[in-house]
Structure formats: C-alpha cells, structure tokens
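Please open the model in a viewer and follow the stops below in order.

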Amino acid sequence: MATGQLFSKQTQALFYNYKQLPIQRMLDFDFLCGRETPSVAGIINPGSEGFQKLFFGQEEIAIPVHSTIEAACSAHPTADVFINFASFRSAAASTMAALKQPTIRVVAIIAEGVPELDTKQLIAYARANNKVVIGPATVGGIQAGAFKIGDTAGTIDNIIQCKLYRPGSVGFVSKSGGMSNEMYNTIARVTDGIYEGIAIGGDVFPGSTLSDHVLRFNNIPQVKMMVVLGELGGRDEYSLVEALKEGKVHKPVVAWVSGTCARLFKSEVQFGHAGAKSGGELESAQAKNQALREAGAVVPTSYEALEGAIRETFEKLVEEGKINAVKEVTPPQIPEDLNTAIKSGKVRAPTHIISTISDDRGEEPCYAGIPMSTIVEQGYGVGDVISLLWFKRSLPRYCTQFIEICIMLCADHGPCVSGAHNTIVTARAGKDLVSSLVSGLLTIGPRFGGAIDDAARYFKDAYDRGLTPYEFVEGMKKKGIRVPGIGHRIKRGDNRDKRVELLQRYARTHFPSVKYMEYAVQVETYTLSKANNLVLNVDGAIGSLFLDLLAGSGMFNKPEIDEIVEIGYLNGLFVLARSIGLIGHTFDQKRLKQPLYRHPWEDVLYTK
C-alpha cells in the first residue's frame, strides 16, 4: 500500500447515507482551511435524488443527491474518496460497490460490527486493485489544512485548538478514533502539529494497518516524524516492528501501545474495541511496547510520559535543522448556526409566523392550550375542536352542539347545486380528490354559501340600529340589495325548510336569548307579505342564530362579535360542512366509475 499521501486540498468525496452534522463539519473545515471548493462533491442517499442545502462558510450551497453509487461516481468523476456512513448491515455491500468504481481510490467505513468475513473480502479486493480502505469502526482521517473525513477531530473549536487548519510535521496513526482527538491536542501542544492523521478503526481486521500508514508517512516529505498509538489485542503492531527492523522506516517513530493495565485483571479482558482483547502474552500491551522499543521506536515508560517523548523527539529534529518552524496563520471564523446561537443566547431572531391556536412543540399537540389527550379522554366533539381552533376558547356544550348541527345540516344539498355539480364534473374527468373538492369549493360565494356572513352582518346592523322590519327591507330595496338569508327556489311560506325549523327549535330550547333570530322571523313575516317564496332560508337561520350564540353565551364582548362577523367565521362553517358533501360526491362518482361528463346539446340554447 505504501505510496504517499492520500489527500490534498483539492480532494473531493462522495458521502454515502446522508448525515447532516458530519457533512456540515467537513464543509466548515473546508472553509477554515481556505479551500476554494467544498470537499463533499455529492451525497448518495438510496431512493432519493435532488439537492441538499448546507453551508460553506456564510454561503448556502446545494449539494447534489444521487440515488445510486454508480450515478454519483458518473456525475462526479474527480471525487475519489468514498465516505460510508451505512449501517453495519449494508456497509460491506455498499463499500464493495464503491471499490468497483474506477474513480474511487479511498473508502472510509464508519460502521462498527461489519462481519469479519465481509471485511476480509473487502481488504483482499482493495489490495488487489491498489485501493485503500480505512476502517471499519473508524472516525476516518484528516490532512491538516486540506481535507477531513466526517466527524474526524470533532468540533471546530477542537480543530482550532489542535491547529489542524494548517499542516504541521507529524504523521499520526491510531486504532482509536476517540484517542485520536486527544492525541491531536497533545501533539499540537508539543510540536508544530499534525500533517496527516488516520484512525484505522478498532475492529479485529482493519482495512489498513498501523504499519501501512507509517510506511506511507515515510514517503511524504512534509512528514518529519511519526506518532503511533496502538492497543492490546491482535498483532498489527508487529508488522511495524518488522518494518523498523528491516530499515523501511527512515524517520523517528514515537509509539505507545495502550492497555498495560490489563495485567491487573485476573481473567481475559475485552476493552472497547472488538480488536482490543488480550489473547496471550504476545498480544499484551507490555510485549508490544517492548518489541517496538527494541526495533528502534521511541517508546515511553507510560502513557503519561508519551507527551514528553513526542516533545523531545520533535525538539531534536528542530535542533538538527530537519524541521523548520511552521508559519502560523489565523483561521477565518466559522459563522455560527442560527439555532445554536439562539439557544446560547447570543442572538435574537424575529419569527415569521404567529400562531395562537395550536402548538405541536411539546410531547403532544395542543389546541388552544388543551392537550390532545385531554380532548380525546374527555370526549370532546367536532364542535368543541372548532370552538378551540376558531374561537380560542371552550364554548358551552349547547354552543358546540349547535355548531355540529349546522355542519350536519349544511353538509350536502344534492348533486345539482353549483358546488356539487362542479365537483362531480371534475371527478368524472379523472381528477384526484383534492382537485375535485377544490373545484366545488371555489363556487362558494355571495350566491352560494356566502349568504351566511352577509345575513349575520345585515340582521345585526338592522337590529342594533333599532330598524323595524319594514325600514330594514325597504331600505335594502332602495340600495338595490337583496336581503341575505331571505328567499328560496323551492320552499314557500306554506312549505317551510325543515332545516330552519330544526335550528329554531334547538335554539329556543337551549339558547339563553334568541333576539336576533326573532328579528329575522319578523323580517320573514314582512317579506312573505310581498311574495310566498321570500322565506327565511338556512343561511339566514344560521347567521341570525350564530349572533345569538355569540351574544348570549357571555363569552364574547361586542368588539369580538363584530370581528367574528366581519372576518367571515360563519361562512367558514359552510365551507367546512359542504366539504363533507363534496368529498362524498367525489367518492360516489369514483365508486360508480362514471365516464367524462359532457353537457347535452338539447340543454343549450344556440343563438346568435
């Protein structure tokens, strides 16, 4: 595997299985290092395509999302690193698919628990095809000032603390990703910092070994010394021992194998990694440290002494003139995410929408402050929910029941009214439910449904001003306005609308006051003296009775009642109710498999 460095400031990667945080950390690192192009060329998210918005510094960018590895590699031929965030169940298959792509040179497998047989097959294929596998069970790697994989080196604060935004002189390799972060900090304190760092992963069979990367570092001119952090279990460190003995490594190596405490335990010990399991004397940390020391590596007496050993080795190279002081640079400041800044109290941002009726931020949604569980457990009805979401208060039961009666009575009025007709025609044209429903709803207006609001407005104005029915009706006539809520195509004075009678009977039984309804009845008496079809219709009944509900319940003041009437709450009842019927007509036509509607010729007057 030897060759030289794996990454550069131009390296780009494909990221498999979208994870917002590690990708954003890569892009923040890019910005910190002064890269001109983002290191993530594309995202592979099986089954998805499009773009994912992320930040590159302060600029928002769109990174392409591809549904397959093949499509991503074809779209981004210069991206030669594959960062695999798949689960252990699919990591092997997706890694093999990536390795088979001619453009992919390096694959990092983040998942732990990849089956060992699968890992061996991946390693064999990679070595046979001159490709590099980092992992499984790795956080990846980093080339300081150039490129990093996923969550390597942690947060931006940690990266700056470890001076990873610019290259140093030390090549570092470790089995542990967590300890890598610790060692980056240690190395930055006592040297000029990291040039490249790799965490090979903690599984028993890593895709690349400690010695693989040390031999690479040996071929990189900018790397002047190496630091190796091994651990008990396995025999990977012995390949490094052999390389040192054979003279293949020409630069100083400071090494430590952790896990010396294992001897304090009476039985075999399994540490955090799958490979960190002491399996005999040769696999003990003590034996490995001794072998590395005898092969020529600088091995301290304890982990606590490792920092001092690194410092001494570095300072010796400086004295010998083999390391020149790195010119320190000031990295740019990474803009802080708005959500993070808000939570920390650093900024305050204006909201764009105000909601006073519902809230779904807690454990369960609330309507006007009442939890959903309460609504269900206490047997709230549709009328209660409307009172909460429309009026922002719990109205008395007689009020909510009246609302429900209105909805039931207005739900449908046959297939011939304009709204139902439009819905039926649209459904028969093969359109979907929403399109069919909307085509019917769009006919609601002053001549169909909207009369409820107008009836309430005019009856209220006339009653509040003390107009007699004669003054009201004749005054409307002079203005050329028909009295809303009065008149019907079919019903007559001797054939009243049953719906109106039901509403009036309910109100007289349950409402504290029906003054507006009684006024409407007086108006009806006067209009019937003019024509037998000028009866109080259902719009007029609902409009006048809703005024009585608002005024008689004692839960609304006059400005609130005026606002409710003006905004159009009452017409909302008709819209809600009639939606039930229009949906029914849509389903009815679909169920009957009715063909496209065409109006009959004989029903059209053709004329010039």
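Which helix supplies the largest share of the lining of the largest pocket? That helix is α18, with four residues; helices here are DSSP runs (H or I, at least four residues), numbered from the N terminus.

The model is predicted, so local features need pLDDT of at least 70 and side-chain atom pairs count only at pLDDT 80 or more, whereas totals for chains, interfaces and linings use all residues. Residues are numbered from 1 along each chain as its sequence is written, and side-chain values use heavy atoms, with hydrogens and water left out.

**First stop: the largest pocket**

The largest pocket holds about 1400 Å³ of space. Select Arg447, Ile486, Gly487, His488 and Asn537, which are the closest to its centre among the 37 lining residues. A pocket is an open set of points on a 1 Å grid over the protein atoms alone, where a 1.4 Å probe fits, with protein on both sides within 12 Å along at least five of seven lines; lining residues have an atom within 4 Å of a point. Grid points are joined across faces, edges and corners, and the volume is the space filled by probe spheres set on them.

Next, select α17 (451-464), α18 (469-479), α21 (538-552) and α23 (569-592), each of which supplies at least two lining residues. Coloured by class, the lining shows 18 nonpolar, nine polar and ten charged residues. Ala, Val, Leu, Ile, Met, Phe, Trp, Tyr, Cys and Pro count as nonpolar, Asp, Glu, Lys and Arg as charged, and the others, Gly among them, as polar.

**Second stop: the second largest pocket**

Select Asp28, Ile156, Asp157, Ile334 and Glu336, which lie nearest the centre of the second largest pocket, itself lined by 18 residues. Its volume is about 570 Å³. Then select α1 (20-33), which gives the most to this lining, with five residues. The lining comprises seven nonpolar, five polar and six charged residues.

Select α14 (residues 397-410) and α19 (residues 498-510), which pack at an angle of about 180° with their axes 11 Å apart. The two helices are therefore roughly antiparallel, a term for angles over 145 degrees. Axes are lines fitted to C-alpha atoms over the stretch in contact, and angles run from 0 to 180 degrees between N-to-C directions. Show the side chains in contact (heavy atoms within 4.5 Å): among them are Tyr398, Phe402 and Leu409 of α14 and Leu502, Tyr506 and His510 of α19.

How values were computed:
Angles under 35 degrees count as roughly parallel, over 145 as roughly antiparallel, 65 to 115 as roughly perpendicular and the rest as oblique.
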